[in-house]
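Good morning, and thank you for coming.

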Amino acid sequence: MNAAAQQPAGAPVFEQLGLIGCGLMGGSFALALKRAGLVKRVVGYSKSPSTTERARAMGVIDVEAPSALLAVSGADIVLLAVPVAATEATLKTIRHLVTPQTLVMDVGSTKRDVVDAARRVLREQIGCFVPAHPIAGKELSGVEHADADLYAGKQVILTPLERTYTAHIQKAAAVWSALGCHVAKMSPEAHDAAFAAVSHLPHLLAFALMNGITSQPSGRDFLSLAGPGFRDFSRIAAADPEMWRDVLLANREELLEQSKLFQRALKALEATIEAGNAQALELLIEQASEARANWRMTSHKPAH
Ligand code: NAP
């Protein structure tokens with residue numbers, strides 16, 4: 001591939017991506033960056049050597065690093081794509097090789113815990129860190145599902161800290177834009193409050209729904225009868241347990257708050273059913289139906 005010919009106008013070109021966590025998100029980022037001609041070399045590290053090896057065999061990375069620190073050695077861009085609970089330990093491992101010129105990003109689904117970890121660990125290099133959350137993904141984890149198109153047309157949220165270098169924020173925004181993302185900025189707190197409602201709670205409910213059904217003696221038989229509505233509602237229950245364990249625990253306060261609000265809404269619906277109050281029930285369904293009909297995902301907006 002002629003890298004120079006593919007570069008999107010105005011996007012920075014990096015010498016080396018140090019990729020830590022060669023899974024779905026990290027692998028997709030590396031593939032997209034390579035395809036756009038925005039990086040000359042990708043050096044990757046993952047917890048299991050077999051993952052790193054597979055990533056190299058697939059052409060996701062060019063060089064296997066035996067440690068996170070060695071993946072970062074010589075890198076001008078670093079992406080952490082590990083479960084959020086591994087962020088702090090990973091930053092500790094690499095901090096000695098982070099220079100003011102290194103752009104360090106993550107892709108974690110929660111931001112307050114990630115930012116707190118970065119503050120504790122990176123100290124004087126904190127300006128290099130641009131926390132990012134691409135609103136993209138799949139239920140299928142692992143490098144074998146990495147996809148150069150994963151981020152195209154999706155939203156990415158940056159939650160810079162007060163000390164993040166402006167030049168690094170601009171560079172991060174340019175990289176994600178070059179991959180076809182709509183870039184938004186907000187505080188880590190606002191991010192976690194919003195995603196507790198629209199991502200973490202729906203996952204919690206999908207997990208509870210599956211467990212509630214399968215815990216019944218006839219649950220498996222019921223599942224065999226389920227149709228497209230059930231398929232759509234339950235899709236996210238097939239998500240990666242390790243990743244979601246970390247996310248739900250990391251954002252527990254906001255999530256439990258949303259769970260309480262949900263239970264209140266559920267009780268309101270149940271009360272109308274118990275009372276046989278058809279009019280009130282219809283009104284509540286109408287409210288939900290209208291809200292859903294008027295909802296449009298940001299990634300459905302045309303790219304600009
Ligand atoms: P994944 O496919 O399981 O990839 C995670 C990778 O991190 C694996 O290669 C794993 O290595 C590696 N890893 C785990 N602990 C590590 C450590 N301590 N040091 C180095 N590597 C380590 O998961 P993913 O879906 O890409 O998720 C990565 C991040 O993206 C998470 O923080 C998640 O919150 C965020 N995210 C995910 C989605 C989504 O839909 N999947 C969406 C938005 C954001 P092994 O293969 O050796 O275990």
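Is R54 buried, partly exposed or exposed? R54 is partly exposed, with a relative accessible area of 43%. In these terms, buried means under 20% relative accessible area, exposed means over 50%, and partly exposed lies in between, with a 1.4 Å probe and protein chains only.

Let me state the basis of these values. This is a predicted model, in which local features need pLDDT of at least 70 and side-chain atom pairs count only at pLDDT 80 or more, while totals for chains, interfaces and linings use all residues. Residues are numbered from 1 along each chain as its sequence is written, and side-chain values use heavy atoms, with hydrogens and water left out.

I turn now to salt bridges. Side chains of opposite charge can pair when their charged atoms come close. The term requires a side-chain nitrogen of Lys or Arg within 4 Å of a carboxyl oxygen of Asp or Glu. The structure holds 13 salt bridges.

R54 takes part in one of them, with E144, at 3.2 Å from N to O. This pair links distant parts of the chain, 90 residues apart: R54 is in helix α3 (residues 49–57), and E144 is in the loop between β7 (132–135) and β8 (155–158). Helices (H or I, at least four residues) and strands (E, at least two) are DSSP runs, numbered from the N terminus. E144 is partly exposed as well, at 44% relative accessibility.

Another salt bridge joins K40 and E15, whose closest N and O atoms are 2.8 Å apart. Here K40 belongs to strand β2 (residues 39–45) and E15 to strand β1 (residues 14–20), and the two are 25 residues apart. K40 is exposed, with a relative accessible area of 57%, whereas E15 is partly exposed at 37%.

The side chains of D246 and R245 also meet in a salt bridge, at 3.0 Å from N to O. D246 is buried, with a relative accessible area of 7%, while R245 is partly exposed at 45%.

Next, the aromatic rings. A pair of aromatic rings is described by the distance of the centres and the angle of the planes. Rings of Phe, Tyr and Trp (its six-membered ring) pair if their centres lie within 6.5 Å; planes under 30 degrees apart count as stacked, over 60 as edge-to-face, and the rest as tilted. How many aromatic pairs does this rule give? The count comes to 2.

F29 and W176 have ring centres 5.0 Å apart and planes at 50°, so this pair is tilted. F29 lies in helix α2 (residues 24–35) and W176 in helix α7 (residues 166–178), so the pair ties together parts that are 147 residues apart in sequence. F29 is buried at 0% relative accessibility, and W176 is buried at 0%. Y151 and W176 form an edge-to-face pair, with 5.3 Å between centres and 80° between planes.

Finally, consider T87, in helix α5 (residues 87–94). T87 is buried, at 4% relative accessibility. Leaving aside residues up to four places away in sequence, T87 touches L80, V82 and V114, where contact means heavy atoms within 4.5 Å.

Thank you for your attention.
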